[in-house]
Amino acid sequence: MSILIIADVKNRTINPSTLEMLSAAKKIAKNNTMPIYILIPFGNIGGDSYCSSEFKTFILDLNIEQYSAHVLVKYISSVIREVNASYIIGMHTPFSIDYIPALSVSINAQCITQIHSLDVAERITVTRGSHAGKLDHHIVINDTPIILTVLPGSFEPYTITDVQTQHITTIHIPEVNKHIYCNFITKDMKDTSLDEADVIVGAGKGIGSRENLSLIYEFAKVFPHSAVAGSRIVCDYGWLPYSKQIGITGKSIAPKVYIACAISGSSQHVAGIKGAKTIIAINKDPCAPIFNVSHYAVVADIFEFIPQFIDFVQNNA
Amino acid sequence: MENKFRILVCVKQVPDANALVYLNDGIPEYDEKTVYVINRYDEYALEEALQLKDCGLTSYIHAVSVGPHRVQKALRRSLEMGVDEAFCIQSDDDRLHNPYVIAQAITQFAQQNYDIIFTGVMSEDAMNQQTGQLIAAMLGYKHATGVTELSLNNTTITITRELDAQESQMYELPIPCVISVQSSIHKPRYPSLSNVLRARKQEIAIIKHDLITSTGKTKSYFTMPQKTTQCQFIEGSISQKVTELYTILHKNAVL
């Protein structure tokens, strides 16, 4: 019985959120009775600092440019068997979700994705959003091995205090098809408005049309250092460019205040707003999941509330 | 290019975004007025298949859906959009299923008949994001998820998949393969009148299937979502709410 964490990758290096999985693993390991292993899927992503006397680290001798879901599944499955892993933990990001569920076929284990919390009692219970975030689904684990993917921002990052590289084992990969070549394309993001803003106003599907965005822009203008962003669907509809998309597949933001306007609050979106100090949600549906992660809730129609708010500020400023 | 491809699109029917769900003795049930639609991401999968058809690259496009009788509506819509044939893997069990069970049912159906299998990147209701990967693993095919661009070569597909707002990956996949498309690919079409009329006359093939609902390895239950923050609901009339929010924002030093 052991726990295997599969490191996540972002910008061709280890995603620091990997440390969040370590916290989840520590919780599962209870009184450190279960050993924890970290698997770094590539040799050239700076995995050397993810090692300590507390756990053993494996690095697959592959380059990130040799990315192939198929190859990773093959070699990670054999590591899982070798360390007799009961809990295999990956990150719920577009990078990792590409191959982690496929492990479940090769090691014959169930995969539970996008968990946001876990409870350790006699048995371990993991929780994920379900029914479009309107319910929580709690899954009691009766049998292992089990594969879990963790929603980013759900656990506090663990701090590795004593980096000790002698605990690293490199796993040699005999031969990888030479035709495998993965090109990484990085868009030049000149737009830094979301990184610099104190207040970000987010628009959701509930704004109804591209024209109604003008109301959101006017609202944002009320605040001195502000920016407008949106949920995935608003970008899919072409109302905002993808550079303004907040969520797992977009940007993660950390402004002083985030104001979600007519955003229901899917877990994919919520994962991108965890860094905001204060979250305010305006939604006419009192049951909108966004209220579960907000500090302040305004149950109101944005078309009624926002114009009145703008008037009020203009008369009181 | 001489090759013509045999294509399957996996379509899930989901409750629309406004659907009310409540717990009846701990079991989730949707309000009887619930409107069911094609999962938004699967519409993009359908569109991608139809784009290939428009270029004359397909020998046929099939759509398949797993679920109770009502999912035929989603298949009818797929026919209206332009797929050639539709198949319903019918199970009377109306609950949300483990993606492994759904993938097994589709895998059994899809055995060797298809060059490319499309799925949406996830479903809007369950958000598991694993059915495509599982089908690929079960069939022994290669796969890619979150695909935002693809171009066909004779025996391979070059795909681009999205990692975040800033970064994507581009590589080649051999055919056969499974592709889970992301919603930033082509915008789904509205059915043409001629296709709607054609689809009306088409039969939807029904395959009876009993889904294995529990493996016994896990047990599960549902609750209303837990609040992760102490959320203060701002009460009162609209103007009271306006004043109160202004005060809060002022205290937070952003106004």
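Predicted model: local features only at pLDDT ≥ 70, side-chain atom pairs only at ≥ 80, totals over all residues.
Ala262(A) is found in the loop that runs between strand 15 (257–261) and helix 8 (267–270) of chain A, and its phi is near 55 degrees, a positive value in a residue other than glycine.

**Backbone features**

- Gln114(A), which lies in strand 7 (residues 110–120) of chain A, also has a positive phi although the residue is not glycine, with a value near 60 degrees.
- Gln114(A) counts as buried because it has 27 C-beta neighbours inside 10 Å.
- Most residues other than glycine have a negative phi, and most peptide bonds are trans.
- In chain A, a cis peptide bond with an omega of about 5 degrees joins Thr144(A) and Pro145(A), and Pro145(A) is found in the loop between strand 9 (135–141) and strand 10 (146–150) of that chain.
- In chain B, the peptide bond that leads from Ile175(B) to Pro176(B) is cis, with omega near 5 degrees, and Pro176(B) has its place in the loop between strand 11 and strand 12 (177–181) of chain B.

**Domains of chain A**

- Chain A is divided into two parts, with domain 1 covering residues 2–171 and domain 2 covering residues 193–316.
- The centres of domain 1 and domain 2 of chain A, taken over C-alpha atoms, are separated by 32 Å.
- Where these domains of chain A touch, domain 1 gives 11 residues to the contact and domain 2 gives eight residues.
- On the side of domain 1 of chain A that touches domain 2 of chain A, the residues divide by class into four nonpolar, six polar and one charged.

**Build of chain B**

- The secondary structure of chain B comes to six helices and 15 strands, and the C-alpha trace of chain B spans about 70 × 45 × 45 Å along its principal axes.
- Of the 255 residues in chain B, 45% are buried.
- Among the contacts in chain B with a separation of 6 or more, 68% are between residues 24 or more positions apart.

**Contact between chain A and chain B**

- The contact between the chains takes 73 residues from chain A and 65 residues from chain B.
- Several elements of chain B each supply at least two residues of the side that touches chain A, namely helix 4 (131–139), strand 9 (142–152), strand 11 (167–174), strand 14 (218–223), strand 15 (232–233) and helix 6 (238–251).
- Helix 6 of chain B provides the largest share of the side of chain B that touches chain A, with nine residues.
- By class, the residues on the side of chain B that touches chain A are 31 nonpolar, 24 polar and 10 charged.
- Strand 12 (residues 183–186) of chain A pairs with strand 11 of chain B in the antiparallel sense, over four bridges, and Asn183(A) stands opposite Met170(B) in strand 11 of chain B.

Methods. Residues numbered from 1 in each chain as written. Chains lettered and ligands numbered in written order. Contact = placed C-beta atoms within 7 Å. Nonpolar A, V, L, I, M, F, W, Y, C, P; charged D, E, K, R; others polar. Pairing = 2+ DSSP bridges. Domains from an automatic or database assignment. Buried ≥ 20, exposed ≤ 12 C-beta atoms within 10 Å, placed from the backbone.
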